[in-house]
Structure formats: C-alpha cells, structure tokens
Amino acid sequence: MTQMSTDWAAEWAAGDGEPLRFLGPDGGLVRPDLPRPPDDLLGEALRLMLLSRALDQKCTSLHRQGRLGLYAPVLGQEAAVVGSHLAIDPATDWLVPASREQPAMLRHGWPLDRLLASLLGRIDAARIPDHVRMLPRQQSIASQLPHAAGIAWATAIRGLDGVTLAYCGDGATSEGDFHEACNLAGVMGVPLVLVVINNQYAISTPVSRQTRAIRLAHRARGYGFPGVAVDGDDLFAVHEVTRQAVERARAGGGPTMIEAVTYRMSFHNTSDNPSLYRDPSEEAEAGLRDPVARLVAYATGAGLMTPDAIDVVEAEVRAEVAAALDLALSYPAPGPEEIFRHVFSD
Ligand SMILES: Cc1ncc(C[n+]2csc(CCOP(=O)(O)OP(=O)(O)O)c2C)c(N)n1
C-alpha cells in the first residue's frame, strides 16, 4: 500500500473501539478512498497464506498418522500473521514469534524443511540459520516479550535501524511478562511493534474470561504508546497499520501495539477438541470472515488473478510442502543421548 498521511492509531482512538477495516468479508473495499495495495504484495501474501494452509493440512495429517508430535495451526489467522510480517524487512528487522506464526517464520528466513524438522523432533537440522534475525518459537506464554523489548532496546542503543516485530496471543496479555515488556518498551521508547493476535481463545478460555477490557489495544495507552485494533482477517488493514507502526518505530517514534481481531478457526493444537467448549455455529459464523476467501474474492473480483491461477499456486505450495517434508525426514532423528546434550558438560 502506498504512503498515506492518516494516523491510524489516532483515527482508531477517536472512534468507538471497532477494529479498523479496509477490506470487507465479501472481498469489497470498505475504504475505497485508500489506494489499492501493489499487486506484487498481494501475490506474495496470497502465496504465503495458501502455503500456511497447506502446511496446516499436512502437519495435522502427519499428527493423525502418529508421525508428528504436536502441531498448532494458523487456520483463520493468516491475514493477521502475513499482513503484519510483510511490513518488515527480514534483512534488518527482528522477528520474535509466539508459537503459531509459521508463515512469518518462513518469510523471515527459516527454511520450510528446517521448520518441519523442528516439528519432527530433528533438533540439529531445525537450527535457525545464524544470519536469520529471529528467536525460536516460544511455548511458554508471553515469555518471549521481555526478550523482544530487550532486543528492540539493544538495537536502539547500538544505533541500528532495525525494528522488532513481536507476536503474542490474547491469553498472553494476562501474563506478568506482557506487562513488564510493555512497560519497559514504553519507558525506553524502543522500536517495537507488538501484534496481539486476538483469536478469541486461550485454549478453552474465551477472551471474555481473560479481561473486562473492551479492547486489548486500549491497554497500550496505559503504557504510554499508541494502540490500534484492526480487523485481523483483513490483510489490507493489518498490513497498512503495521507498515505505519514500523515506519514510526524506525524513525525513533517508539512502540505500537496492534490488536488483530480474528478467530482461531481450528483447534488450539492437535491435542485439543474445541467441540467440548464452543458452539459449532460460532465457527460457522467465523468461516464467513475467512481471511483467505476474502483476499481471493478481492483478487478475482478486481481481475488481478483468475481462479485457475489461484489453483496453480495451491498446487505449487502443496508440492513445496511435500518436497520439504521429504528433506526433513532425511535428517537424522535424535538418539536418547540428546536429552543430556547442552545440559551437562560430560
Ligand atoms: C506460562 C504458561 N502458562 C500456561 C501455558 C499453557 N498454555 C499453552 S497455550 C495456552 C493458551 C495461549 O493462548 P493465547 O496467548 O491466546 O495464544 P494462542 O495459543 O491462542 O495463539 C496456555 C495457557 C503455557 N504454555 N505457558
């Protein structure tokens, strides 16, 4: 999307708390006053979102066959993850993921076969290449956030122009680490963009049991920096608001919190059964806001891509996942002695 003068945080703060939306669920532009995003960005976004879906499908199937231990899908959250990550430059910026931002990890430079190796327990092969500015995925909720604030602070102290993009879930906002990281980031004015992916659930706990705050993004105000809520299923809004936050951080303007309001369309992970705690009608309703279908509707409606061209991309990403899986399976599996490696000196 091209440069715009609108201050999105200020626009959202002046509104009624409803998340900003540029692209509607039917693929139509809600804000036709805004310039259309460039075609190459749209193409890259759609490919990454479809790759993410292909990976979700393959890993879930591997789990059901007993060949993979545990997998947390991205299903439903693709626009929130891809739209925000497309706003940073992996060559200079840091990625601090939570646990399910697979397409961001891939775009940042962790090869697909290595990511799959990590899920298959092939730990040597799973190593993130040294030049990739990314922390490993984090299972301990919110504990990545103080590190994210620290990396962003260190970048500023060293006079580098890198920005840190960190992710966490709605559940993570109830943790002490979240508060400590946000407070430090605000006090030191560090170049951090924190994307809170509000997928409505922390496993079985709905966000209504997590906080009485109307919107999580309002919390940013208490830390002294801007907060914005966006429709997390709208790639255009997520991308544009993150782009502006990254630009501000790079220019020394400090942190921003972006709440991407979305829905976890699948299970929490492959050990979870959401039918025990949520109504299927809720899932069906969320399906109408599907971020991939929305982008496809826009791209085909605007004549940017044909359904046939999208089928080709889908076939390509499926083949990419299959080839990366073959490679991942060729790496040595760890032996029992690995339990002690990196723990005891002898
Ligand atoms: C410190 C800590 N407490 C509890 C857990 C157990 N746990 C794993 S995932 C999860 C829910 C996380 O929800 P959220 O932050 O909203 O992220 P999501 O998984 O929905 O992306 C919890 C409580 C954990 N991994 N770490």
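Predicted model: local features only at pLDDT ≥ 70, side-chain atom pairs only at ≥ 80, totals over all residues.
1. Buried here means under 20% relative accessible area, exposed means over 50%, and partly exposed is in between (1.4 Å probe, protein chains only).

2. Numbering starts from 1 along each chain as its sequence is written, and side-chain values use heavy atoms, with hydrogens and water left out.

3. Overall shape: the radius of gyration (over C-alpha atoms; the globule rule is 2.2 Å times the number of residues to the power 0.38) is 20 Å for the protein chain, which agrees with the value near 20 Å for a compact globule of 346 residues. Its C-alpha atoms fill a box of roughly 60 × 50 × 40 Å along the principal axes.

4. You'll find 12 helices and 7 strands in the protein chain, taken as DSSP runs (helices H or I, at least four residues; strands E, at least two) and numbered from the N terminus.

5. UniProt, in an unreviewed entry, puts "domain: Dehydrogenase E1 component" at residues 47–336. Over that stretch the chain is 46% helix and 11% strand, with the end C-alpha atoms 39 Å apart.

6. Have a look at two backbone spots. Ala-142, not a glycine, has a positive phi of about 75°; it sits in the loop between helix H5 (112–119) and helix H6 (144–157), and counts as buried at 1% relative accessibility. His-342 has a positive phi of about 70°, lies in the segment after helix H12 (307–330), and counts as exposed at 73%.

Key:
UniProt positions renumbered as here; feature names shortened; annotations may be inferred.
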